[in-house]
Amino acid sequence: MKNPMKLVGLIALATSTTLSSVSATPTAHDFSARYEENLYPRNPHHHRRQPLPIDFTQRDANAHPNSNAARDAKADGGPLSPEDTQILRRALSKREFTLVNEDEVLKSYDYIIAGGGLAGLVLASRLSENSEKSVLVLEAGLSGDEVKDRIDSPAGAYYQSIVGSDYDWKHVTENQPNLNNRDISWPRGKILGGSTAMNAMYLVRPSRTELDSWSNLLTSAQDSTSFPSSATSLWTWDSLFAGMRKSENFTAPSPEPWALGGSFPYSVANHGSGGPMSLSYPEVMFSIVGNWTTALARAGIPALQEPNGGVTLGGFITPSSINPTNLTRSYSRSAYIDSLPPRSNLHILAEATVTKVGFSERVRSDANELIANTVEFARESGGTRYVVGVEREVILAGGPLGSPKILLHSGVGPVDVLEQVGIDVVSELPGVGQHLQDHLTAGIVWESRVETAGDVRQSGTDFSSSREFLSFINDAVAFVNMTLLFDGNNASVSAFQTEIRTALSNITSTSSDGTTTNTMIPTTSLEVVEGYKATYELTATTFYENSAQIEMLMSVISPGVISIQSALQHPYSRGRVYINSTNPFDPIVIDPQYFSHPADRTIMRQGVKLVRQVGVALGNLLGDETTPGSAIQTDDEIDNWLTRSGANTQYHPAGSCAMLPKKWGGVVDGKMKVYGVANVRVVDSSVFPYEFAAHLASVTFGIAEVMSGVVANESFQVPSQARVDDNSLGPQGSGAPSVRSSVSTLGVMLLAGLVGMYGVL
């Protein structure tokens, strides 16, 4: 760039503000400067992705001949570079905002998305590409503007985490009898961007076997109505691989950190280019990361040469959702919303909890299904309830806790749960909240004899606060199968499989009245039990040897220590979520029933043993084991440690609105439509019928991309006779402000003063 001040002048002209230095208490002007710096920095590899050149310099010089920018342009003697053009184009476009407040919400929208997290913002971005369709996103959490720096910094996930803050739901499970009656914290993002604004940013896909098995499982149910081939073909490796790659813009690692990391394998072909979400690697690496795959090989675990391409087994260094141009977190908000051009047909409302979905009492669909015609939301318990009309579809994207909660408060779910709290049953659906699964993990900790990221952070040097250092996050992983877990003892592998499969026949007994007892599944529904049996058999056969059972993750972010986790990937235990109150602002009840199946503890124990072998292979890089300590050696001792304190969540819940046949306790069909409802879908990780040996963000981006196309092409049109009258829409109660009636009424609104110039939501 020939003249940096030329671009600064033009951006100042575009935003009508001065780009002053950021003060200790940032103003809206400061936020604008920071926004431009953080989201649209100079790309050191700019030649890879050049935008089409547009001569903004001449246009703006003509429009404002006396401006500093015009004089700079004249002195410079030429148009802006393509990179500066792109920055300016986006700066100019930021004058129209999509964040609204309650009083600016329209009476109705084509699509209402409940949840502004990962999937919700992908859908919002894609569906609003059609300017003729209006989209409203209702997000219960805050916008996140006030903690942008903490979110943007990749290492902020460790050193300045928003976990435990007002941007976290701060969920806690019920006491777990098989974990020494402990309750387990389940942090989830209560913020635009959801948990992608707070997670550890790993990018690890499921395997081809796992995804193709999803499609095959649905086909095996022989339910062509809910799962025609046009639906089951969506949930294959080929389809979801395309969806995952569509979301991505991959950048190879920089040479120096790559070399320090052991010149680890990666595959450009296995990732997308030009998608909204950036993928790359830290600009700083630590020497022990370079020893990871070598140590794994000594322990019998081969390096994976082409990660994220359909094979998961092996050790590798994962890419992370990092924007390499400015070393910031790339998450659903920054990737899919902040980068959009002006869209007056997209409105996003933060601090808006969806309290229920309303259904027409006058008319049903041609298939005799309920028709959703309203969505109700409020800012707080006891606050004004707002009602918005639905013209096409409602999409629940609240995740495995939020989506079933909305269904239950809307009267859709198991009869026993709804009747217990006094909510009228609108549609009986036993599977809502069932099939809950999670990855459990346990970390082995050693003293470190080499420098860790935690040591650098603790040093307090300038480097410890640099953008380069703060791009470093943990990314060394390995996935292993049963053979490795049992140290190559095929007889033990076979005997354990027989034990697991035999246990299936003892899971339930059915009494004469049709109810089940002595079950590890928290339900009396025979349909849910059948779904468990189907996914159990798949886990105990197809996944048993052909899929990863344990993930190992090395962590170097604490001072003086190094840890390696053993994380269960295909749990046999199943839990549930449910409500115990009619107040939608009360927390949902979470009971994952950890270790209710004893096989899960056995698999984790074997994982702990293998992790220790990797520790031995790392040699003199590690000192003494501090957790659980060398005194814990026998199977019983390891099991007791896992139960007492060692086992905790890996933060990957799934399954509570499972895509399974209704006869198997499913909640959604092959196109994620809720059974019995014509125009409500669930699109998030709650639809996965079983856990994947993966981190769930990538595949959730994939399903959101796939479903964006499905919804855009096949959405339901609410008939006029099913819609409610205007008096029933908007804020309900005396003294309620008026509501706008169309997207065009909103026009081009400049809400910069309300939301901060730096954050287009």
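Q: How exposed is K170?
A: K170 counts as partly exposed because its relative accessibility is 44%. Buried means under 20% relative accessible area, exposed means over 50%, and partly exposed is in between (1.4 Å probe, protein chains only). The areas come from the Shrake-Rupley method with a 1.4 Å probe, and for residues only the protein chains shown count as cover.

Q: What kind of model is this?
A: This is a predicted model, where local features need pLDDT of at least 70 and side-chain atom pairs count only at pLDDT 80 or more, while totals for chains, interfaces and linings use all residues. Residues are numbered from 1 along each chain as its sequence is written, and side-chain values use heavy atoms, with hydrogens and water left out.

Q: OK, which residue forms a salt bridge with K170?
A: D166 does, with the closest N and O atoms 4.0 Å apart. A salt bridge here is a side-chain nitrogen of Lys or Arg within 4 Å of a carboxyl oxygen of Asp or Glu. D166 counts as exposed, at 57% relative accessibility.

Q: How many salt bridges does that rule give?
A: The count comes to 23.

Q: What about E705, which residue does it pair with?
A: E705 forms a salt bridge with R126, at 2.9 Å between the closest N and O atoms. That pair links distant parts of the chain, 579 residues apart: E705 is in helix α25 (residues 696–714) and R126 in helix α6 (residues 118–127). Helices (H or I, at least four residues) and strands (E, at least two) are DSSP runs numbered from the N terminus.

Q: Are those two buried or exposed?
A: E705 is buried, with a relative accessible area of 5%, and R126 is buried at 19%. Both belong to a network of salt bridges that also links E129 and K246.

Q: Switching to E714, which side chain does it meet?
A: The side chain of K671, in a salt bridge of 2.9 Å, N to O. E714 lies in helix α25 and K671 in the loop between β25 (648–649) and β26 (680–682), so the pair ties together parts 43 residues apart in sequence. E714 counts as partly exposed at 41%, whereas K671 is buried at 16%.

Q: And the side chain of E369, what does it contact?
A: It makes a polar contact with the side chain of K673 at 2.8 Å. A polar contact is a pair of N or O atoms within 3.5 Å; within protein, one must be able to donate a hydrogen and the other to accept it, and residues adjacent in sequence count only if both atoms are side-chain atoms. E369 is found in the loop between β11 (353–359) and β12 (372–378).
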